[in-house]
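Subject: Structure handover

Hi,

As promised, I am passing the structure on to you. Please have a look at it, and then read on for my notes.

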Amino acid sequence: YWCYLPMDQRATGGPMGAPLTVLGLESSCDDTAAAVVRVDGTGEAEILSSVVFGQAELHSAFGGVVPEIAARAHAEKLDICVEEALKRADLRLSGVDAIAVTAGPGLIGGGLSGGMCAKGLAAGAGLPLVGVNHLAGHALTPRLTDRVEYPYLMLLVSGGHCQLLIVRGAQDFSRLGGTIDDAPGEAFDKVARLLGLPQPGGPSVEREAAKGDVGRFRFPRPLLDRPGCDMSFSGLKTAVLRARDQIVAEKGGLTRADRADLCAGFQAAVADVLAEKTRRALEVYAEEAGAAPVLAVAGGVAANAAIRGKLETVSAEFETKFVAPPLRLCTDNAAMIAYAGAELFAAGIRDDMTLAARPRWPLDGASPAMLGSGKKGAKA
């Protein structure tokens, strides 16, 4: 009964397979999400439902995500989220073929909450269980939305991660470069706190930047003077801090124009670094891209219009198709987890009740760990 063809075979016109309906759960950070995705026999995917409960109000007073608060909120909302996703999809659990759940990387409390909920559903309904790498969910989103063929180049930019990957399969990723310290989303959040802007910092900084003078502050573009695709954003955040302190020392405070100009300069620097490092990655990827090269971007920072614009320009330079998911699929969601689970399930991957939440889970296990990965292993 559980015999399916590998997803990439079906997507490229191989023998017809049976439709596959997957319930996905996501709780790796501060969004509780559930979704139902159906993949037909040709590999065409349809999002039947996608429900996301955010936690911004719970964490707003703390300037960032509090892991314990996030975990408790996930435990309270997951069953409600699943019920709503099934309702919107007009399905019962009996109409689902498998359950996919984020098993890492991320906050351990959120991973435990989602994993236990998924295990309970799988055991109670007699359904197969598939643990999904959260980053793989982002990395495979272009296949969900645009049916992109392997291999493609992926820039994954989010609050906790930044990597340039060649994606060759649902479990086959080669990292060309990544951040050695802060991720871009983390840098946006920190800059927002420095300037008294609300969290999450990405949208707040982007709104302010739209009103600012991008030429007033010329912040550094870290690591552009070194070869390779690795990135660094910690020093850029420090440069914004120093510029802010200098203005405060001279004027006694920040005007709205000062704040907007700081945001504009910071955002431009991030966009320039991402664009140049992506340009270098495209040169490497071109050697195996084939006749239809694709540059895809995913993750929460992919929602930033200025960064998207820079990446589109780079893609056009290389005559490469540019793919970016809809904004609702850039941030954390369960539709990407359900789809990634469908690809893994179709390839014969299953998990049992020993599936454990993993705070660290690199996509490319063969590459050396990035700096600052800690005693417990590589973060991503």
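**Thr-141 and its contacts**

Leaving aside residues up to four places away in sequence, Thr-141 touches Pro-325, Leu-329 and Met-336, where contact means heavy atoms within 4.5 Å. Thr-141 is found in helix α6, residues 141-146. Helices here are DSSP runs of H or I with at least four residues, strands are E runs of at least two, and both are numbered from the N terminus. Thr-141 is buried, with a relative accessible area of 1%. For that wording, buried means under 20% relative accessible area, exposed means over 50%, and partly exposed is in between, with a 1.4 Å probe and protein chains only.

Before the rest, two notes on the source. This is a predicted model, in which local features need pLDDT of at least 70 and side-chain atom pairs count only at pLDDT 80 or more, while totals for chains, interfaces and linings use all residues. Residues are numbered from 1 along each chain as its sequence is written, and side-chain values use heavy atoms, with hydrogens and water left out.

**The chain as a whole**

The protein chain has twelve helices and ten strands. Its radius of gyration is 21 Å, close to the 21 Å that the globule rule gives for 380 residues, so the chain is as compact as a globular protein of that length. The radius is taken over C-alpha atoms, and the globule rule is 2.2 Å times the number of residues to the power 0.38. Along the principal axes, the C-alpha trace spans about 70 × 50 × 40 Å.

Of the 380 residues in the protein chain, 54% are buried. Taking contacts between residues at least 6 apart in sequence, 71% join residues at least 24 apart. The accessible surface of the chain is about 16,000 Å², and 53% of that belongs to carbon and sulfur atoms; the areas come from the Shrake-Rupley method with a 1.4 Å probe.

On charge, the chain carries 39 positive and 44 negative side chains, and the centres of the two sets lie 4 Å apart. Lys and Arg count as positive and Asp and Glu as negative, with His and the chain ends not counted. Each charge is placed at NZ of Lys, CZ of Arg, CG of Asp or CD of Glu.

**Strand β4 and its partners**

Seven of the seven residues of β4 (residues 98-104) are buried, so this strand is largely enclosed by the rest of the structure. Strand β1 (residues 20-26) pairs with β4 in the parallel sense over four bridges; two strands count as paired if DSSP finds at least two bridges between them. Within that pairing, Val-22 has Ala-98 of β4 as its bridge partner. Strand β5 (residues 129-133) also runs parallel to β4, joined to it by five bridges, and here Ala-100 stands opposite Val-130 of β5.

Apart from residues up to four places away in sequence, Ala-338 touches Val-22, Leu-23, Gly-24, Ala-35, Val-37 and Ala-100. Ala-338 is buried, with a relative accessible area of 0%.

**The β7-β8 hairpin**

Strands β7 (residues 162-169) and β8 pair in the antiparallel sense over six bridges, and they form a hairpin with two residues between them. Gln-163 stands opposite Gly-178 in β8. Five of the seven residues of β8 (residues 172-178) are buried, so that strand is largely enclosed by the rest of the structure.

**Backbone points to check by eye**

Most residues other than glycine have a negative phi, and most peptide bonds are trans. The bond from Gly-104 to Pro-105 is cis, with omega near -15°, and Pro-105 sits in the loop between β4 and α4 (108-125). Gln-199 and Pro-200 are also joined by a cis peptide bond, with omega about -5°; Pro-200 is in the loop between α7 (184-194) and α8 (201-209).

Asp-90 has a positive phi, near 55°, and lies in the loop between α3 (67-88) and β4. Asp-90 is exposed, with a relative accessible area of 68%. Leu-223 has a positive phi of about 70° and lies in the loop between α8 and α9 (234-251), but Leu-223 is buried at 12% relative accessible area.

Best wishes
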